[in-house]
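Trainee: I am new to this one. Could you walk me through it?

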Amino acid sequence: MIKSSKSIPALSLLFLCLFFTSRYLQRVYFEKDLVFSIKKSLKINSKDPGCKPKKNSLIHHYLKGETNALIIVLDAFPNPKVFQYLSGHSSKLHYYLKNNSSESIYVSSASQKTFSSLPFLLGKISPNNNCRYPFFKGNIKPNILINSKFISTSSGLCPRIYNLNSKNSFVRYKNKIRSLIDKKYAKNLINDEKVCSFKNKEMLSEIINKLKLIDDNKKNGINIIHDVNYHSDPNGRNRINGLGFYDKEYLNGIKFLITALKKSKIIDELIVMNDHGPRILNESIIEYEGKNFNSLYDNMFYGVFISRFDIANAKNSSKKQKTLKDLIPSSKYRFCDNGKGKIIKIESLNSLRYCQ
């Protein structure tokens with residue numbers, strides 16, 4: 001029994017505080033924005049100016065311009081130099097990208113991990129512990145089209161993956177328990193991990209349909225397909241013996257997607273890129289030139305390829321476009337991201353063995 005009426009408003013205030021705090025944390029966790037310093041601010045939609053994409057970066061170019069962009073990130077897929085070394089032959093995917101795109105460049109990222117490498121490549125932001133892809137500490141909200149166990153949003157395709165990996169403990173544990181007792185649900189989860197890739201034509205059709213539903217007022221923005229199947233193959237292929245398979249499947253997916261986008265006219269520009277190299281830490285895979293920056297070993301971790309396709313450039317035909325070399329940086333420095341929130345500048349690639 002409540003002895004004093006004064007405790008009623010106090011309890012109500014406590015309830016409201018807990019409610020709004022939980023809603024904020026839920027927002028952060030649901031969106032999988034890797035915020036390492038929540039204590040700095042408890043404002044919903046708070047933005048960190050230190051994580052704002054720089055002017056003359058690719059993201060700034062898209063957000064301030066009239067271009068509706070689609071970015072495909074092939075997680076950990078090697079650049080041409082590393083692909084040739086690992087497979088013994090050239091890549092058909094890279095040949096297509098170089099000879100069919102309007103631009104193709106090869107650069108060095110500053111970081112060897114996705115969440116700190118892409119802010120550098122897309123936003124010209126030096127790797128730091130507080131700025132993480134894909135939401136840049138609240139400064140951007142890209143449309144993440146397909147979910148994976150690494151990057152998920154409530155609006156992405158393949159919602160079961162999002163629910164199973166949600167950092168909201170209630171959602172996560174509820175679905176983990178369901179996967180243990182519901183055999184059909186467990187089977188669907190395994191299947192989702194295999195088919196939720198842009199190399200799957202059925203998934204590509206769903207992506208096209210999803211893009212068509214974007215409100216006209218929001219079309220000048222950034223859409224992202226972040227494919228992790230090569231990085232973490234659901235069928236157990238490793239990053240060397242899976243190269244031939246993914247080289248073919250990714251190429252077919254890109255060709256199919258470009259054809260569909262040109263017909264639908266919902267995207268103006270397509271970017272195809274990786275975020276870092278395959279990160280194979282093997283002493284036998286060191287070129288005679290050693291572990292110097294820009295060596296093969298360096299490209300194994302920091303080597304990045306980026307190609308640009310003009311899908312429907314009518315709006316920009318009268319304007320001089322900025323080139324990829326203008327918008328994408330190439331780092332002279334290397335940072336080590338241990339994946340646990342610690343990022344340090346390194347002077348030697350020997351330090352990479354401590355960053356895996």
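Trainee: Which residues of helix 4 meet helix 10?
Mentor: Keep in mind that this is a predicted model, where local features need pLDDT of at least 70, side-chain atom pairs count only at pLDDT 80 or more, and totals for chains, interfaces and linings use all residues. Residues are numbered from 1 along each chain as its sequence is written, and side-chain values use heavy atoms, leaving out hydrogens and water. Contact means heavy atoms within 4.5 Å. On the helix 10 side are Asp 247, Tyr 250, Leu 251, Ile 254, Lys 255 and Ile 258, and from helix 4 they meet Lys 92, Leu 93, Tyr 96 and Leu 97.

Trainee: At what angle do the axes of helix 4 and helix 10 cross?
Mentor: Helix 4 covers residues 92-100 and helix 10 covers residues 243-264. Their axes come within 8 Å and cross at roughly 30°.

Trainee: Is helix 4 roughly parallel or roughly antiparallel to helix 10?
Mentor: Angles under 35 degrees count as roughly parallel, and those over 145 as roughly antiparallel. The crossing is at roughly 30°, so helix 4 and helix 10 are roughly parallel.

Trainee: Which residue of strand 8 stands opposite Cys 336?
Mentor: Strand 7 and strand 8 run antiparallel, joined by 4 bridges. Opposite Cys 336 stands Ile 344.

Notes: Axes are lines fitted to C-alpha atoms, for helices over the stretch in contact, and angles run from 0 to 180 degrees between N-to-C directions. Helices (H or I, at least four residues) and strands (E, at least two) are DSSP runs, numbered from the N terminus. Angles under 35 degrees count as roughly parallel, over 145 as roughly antiparallel, 65 to 115 as roughly perpendicular and the rest as oblique. Two strands pair if DSSP finds at least two bridges between them.
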